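Please keep the sequence and the model at hand.

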Protein chains: 4
Amino acid sequence: MADKKILTGEKRTVQVGKIKFGEDHPPVYIAGPCAVESKQQIMETAAALKEIGVDVLRGGVFKPRTSPYAFQGLGREGLEYLKEAAEVVGLPIITELMDESHMEVVSEYADIIQVGSRNMFNYSLLKSLGNVNKPIFLKRGMCATINEWIMAAEYIAAHGNQDIILCERGIRGFDNYTRNTLDLAAVPIMQKETGLPVVVDPSHATGIRELIAPMSKAALACGANGLMIEVHPNPSCALSDGPQSLNFQEYQQLRQSL
Amino acid sequence: MADKKILTGEKRTVQVGKIKFGEDHPPVYIAGPCAVESKQQIMETAAALKEIGVDVLRGGVFKPRTSPYAFQGLGREGLEYLKEAAEVVGLPIITELMDESHMEVVSEYADIIQVGSRNMFNYSLLKSLGNVNKPIFLKRGMCATINEWIMAAEYIAAHGNQDIILCERGIRGFDNYTRNTLDLAAVPIMQKETGLPVVVDPSHATGIRELIAPMSKAALACGANGLMIEVHPNPSCALSDGPQSLNFQEYQQLRQSL
Amino acid sequence: MADKKILTGEKRTVQVGKIKFGEDHPPVYIAGPCAVESKQQIMETAAALKEIGVDVLRGGVFKPRTSPYAFQGLGREGLEYLKEAAEVVGLPIITELMDESHMEVVSEYADIIQVGSRNMFNYSLLKSLGNVNKPIFLKRGMCATINEWIMAAEYIAAHGNQDIILCERGIRGFDNYTRNTLDLAAVPIMQKETGLPVVVDPSHATGIRELIAPMSKAALACGANGLMIEVHPNPSCALSDGPQSLNFQEYQQLRQSL
Amino acid sequence: MADKKILTGEKRTVQVGKIKFGEDHPPVYIAGPCAVESKQQIMETAAALKEIGVDVLRGGVFKPRTSPYAFQGLGREGLEYLKEAAEVVGLPIITELMDESHMEVVSEYADIIQVGSRNMFNYSLLKSLGNVNKPIFLKRGMCATINEWIMAAEYIAAHGNQDIILCERGIRGFDNYTRNTLDLAAVPIMQKETGLPVVVDPSHATGIRELIAPMSKAALACGANGLMIEVHPNPSCALSDGPQSLNFQEYQQLRQSL
């Protein structure tokens, strides 16, 4: 683990309004749809999640999709819907930035800026996020080693921004029973190595609705500082990631079980 | 998941004396050294573990080692030490069988017979264990898919023995920070697919002492039916797996934290 | 690469009758069906392959199958068919040994004894093959590292038999487009590290008929000492591995192209 | 393999000046240092490679490095050195683009624009390359499936640029004996699936100097349309990738052996 100059392991709390990610704080609950699909969908979701009890509203508007012909997100329009929905219920929002050209608009609207798994190795993007005055949510690359993930965070820190939240979302393995392999050992490892808070995303990690509850429990048990979970008003109609999304009732049951 | 004819998912409790592995029973604690190294070592370990509170004593006497020149275990002599140590404190024992030629002696002494990760694909061995009147502890092959692991259990069941305890012990991945990648999603998956109890071995999965506590907590949180943990009187002198072994005090602390 | 005491890299030629596997000899062609299915099938195959030009006839009679309910091979009866077919055309045979209890019959009939991928970590079997006076064909475990494969060969050598032919047959990866990932770099690596001949099996490595010709060419180009290829009179009716088997005409075309 | 609308498999030749990448043309040789380190280094290399016989000069000036504190390349200055060196000897150049903000300068100087392995999933960058009037050299992501790699190429094509050269450079595996696992089966697969030319980079794939010759031979034998090889005047002093770089004499020997 060479080359850590900034993230040497000292514990850090990352704050977003009144929400605090870190060792001495209760786990933070992030939930929402994979993609913002319409104003109605996100308004309805925000209201339901607020009532169930969630800390941060998620929703993708610039979507990295394997196929160029798949739904690519609503873009700026989606961001406006997401922001409006969040303001109505009084929640901060997180959304993904794929491209420096959207930095201004994303920085303006988002309370937390997400770097997706596919962009963890996009060092140009990481450098540019060093200059942003918002917390960065850095997902692990789908085949990133622990050291590469640490160094990706160090890129952001070295360029000026230490408000980084890490997110374990599963790594690529040899079995396709689950979408990815959730590597929970990464939670205590990354906390110790970097001092940063670590959130777990069981939705992308497993890709299977029924596994979200047991993996959420396991994540909290080994010390995760938060959970990011996909929730959709009607998962069977979702434009992306339906099979791993919970509906409102399922999310409520999950929260009660934790 | 084709071809399951016996292990179709109906819940099964596996009993060893008064110990019960299964959904409606508290987690079973299995602990002991990677290898039986001497009579004194195993007697001392058995006494200490009994006092801390353990359900099954583990100890390898036939050791599958990568190098033919590494310590291969004490063999039958070790098995006698293990049995004697267990009888003194009144614990059942588990030990690994590598070879049908040792079936008679291992069946005579062991209360639970372990199939190690390297032998999960050894179908001849699996078939022969179908005829044994002892519970089988079937570790997941280091690169076995969920389906291959299910089918390995089905081999044993199809040949007459349904008293099978599964053990997730980490799969091989692209990062060598940890020894293996602990795949906790396999716990609820295998319970649902086969109905069998699933134990987790965080020692082999991580290979790092400090990760055993958080991974043990995570395993129990997602429903594991037991934990197998390597404990050695003096890990720094262990003939194998020292870096991942706990000493007695560390194991006691772990148990208190669970 | 610790612990090599016997296979230190000195070049070794392994001889089977007049056939020689090794650096200074032309590549050896091994072909035949995945499994011996009937007397007629293997007689017909042997005759066709002899005419096309093959050095060793392969055929499985004890088959390691993922499911206990899949065809497990014809056993001793199949071995008799295989031997008879080979004798009619004057070819040596290779077949897989899965179990020490078959050692006597397999040693009696086979000219080369194969250890399959699933048994590369079966150290008991490897040790027992050290005492056999036949060349051993040691396939790489599907997730074996280079060092583990070397050590598996060293197990055989340390127990008395240095007539070992290694076989690269693909390793397990994250993509299921091909059945496995053919790791051709292993050919020069294993030749240098052990001094032993290395054969390539493009049939199991790719699982796709159309890829066998290009991968065979690549294997010979990087120095492979032989090719093992699945050939079946009628691949669409094969009891196992049909999609990766060539028919006689396809095999003839392949040989002409090499 | 859904969603291919443009790259449906029809054979395509990609032309750069007089150099042609494609099925009916001899393999194209690309060589040069991992990074442009100084004017002298690249001038010397260009002259030596021209004499040995090379078709395209490579050299990185924007370098994606795991650590933010490692040498990041000479940037625009390096690009000027590279261009000058190439013009002196009359060779086209290829260099990597990491960031849309460098698109103008890279497009101006480079004859072929490389997308590195870490950016294969950077869909914003891929889209922007659809508008460029230069051939794109698309390296496979280190853990990209065949389908994901096809779709990355389709992103570029769908946005207007079909002059794409694919490059297999090794995928991430479980063994660290080699830097990556060279997946040569990807050569005929990608040629058939997309119709595009496929080049092989044995330097990054293996990370070991001695393996470059056998893997180059294997690549050409299975139909690769070119080879990209790292050559440095003095590999032991290279600022990056020294252990896998050939010196001029080693490269000359390689070329003679092909």
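## Cysteines

Across all chains, a search of the whole structure finds zero disulfides. The model is predicted. A disulfide is a covalent bond between the sulfur atoms of two cysteines.

Why is C:Cys167 too far for a bond? The closest cysteine sulfur, in C:Cys222, is 13 Å from its own, and a disulfide needs the two sulfur atoms within 2.5 Å. C:Cys222 is in no disulfide either. For C:Cys222, the nearest cysteine sulfur belongs to D:Cys222, 9.8 Å away. Both cysteines of chain C discussed here are buried: C:Cys167 has a relative accessible area of 0%, and C:Cys222 has 5% relative accessibility.

## Strand β3 of chain C

Strand β3 of chain C covers residues 28-32. Five of its five residues are buried, so the strand is largely enclosed by the rest of the structure.

In a regular strand the side chains alternate between the two faces of the sheet. In β3(C), C:Val28, C:Ile30 and C:Gly32 point one way. C:Tyr29 and C:Ala31 point the other way.

## Pairing and crossover

Which strands pair with β3(C)? One is β10(C), residues 226-230, which runs parallel and is joined by five bridges. There, C:Leu227 stands opposite C:Tyr29. Another is β4(C), residues 56-58, also parallel, with two bridges. C:Val56 of β4(C) is the bridge partner of C:Ile30.

Helix α1 of chain C spans residues 39-52. Together, β3(C), this helix and β4(C) make a right-handed β-α-β unit.

Note on methods: Residues are numbered from 1 along each chain as its sequence is written. Chains are lettered from A and ligands numbered from 1 in the order in which they are written. This is a predicted model: local features need pLDDT of at least 70, side-chain atom pairs count only at pLDDT 80 or more; totals for chains, interfaces and linings use all residues. Side-chain values use heavy atoms; hydrogens and water are left out. Buried means under 20% relative accessible area, exposed over 50%, partly exposed in between (1.4 Å probe, protein chains only). Helices (H or I, at least four residues) and strands (E, at least two) are DSSP runs, numbered from the N terminus. Two strands pair if DSSP finds at least two bridges between them. A crossover is right-handed if, with the strands pointing away from the viewer, the path from the first strand over the helix to the second runs clockwise.
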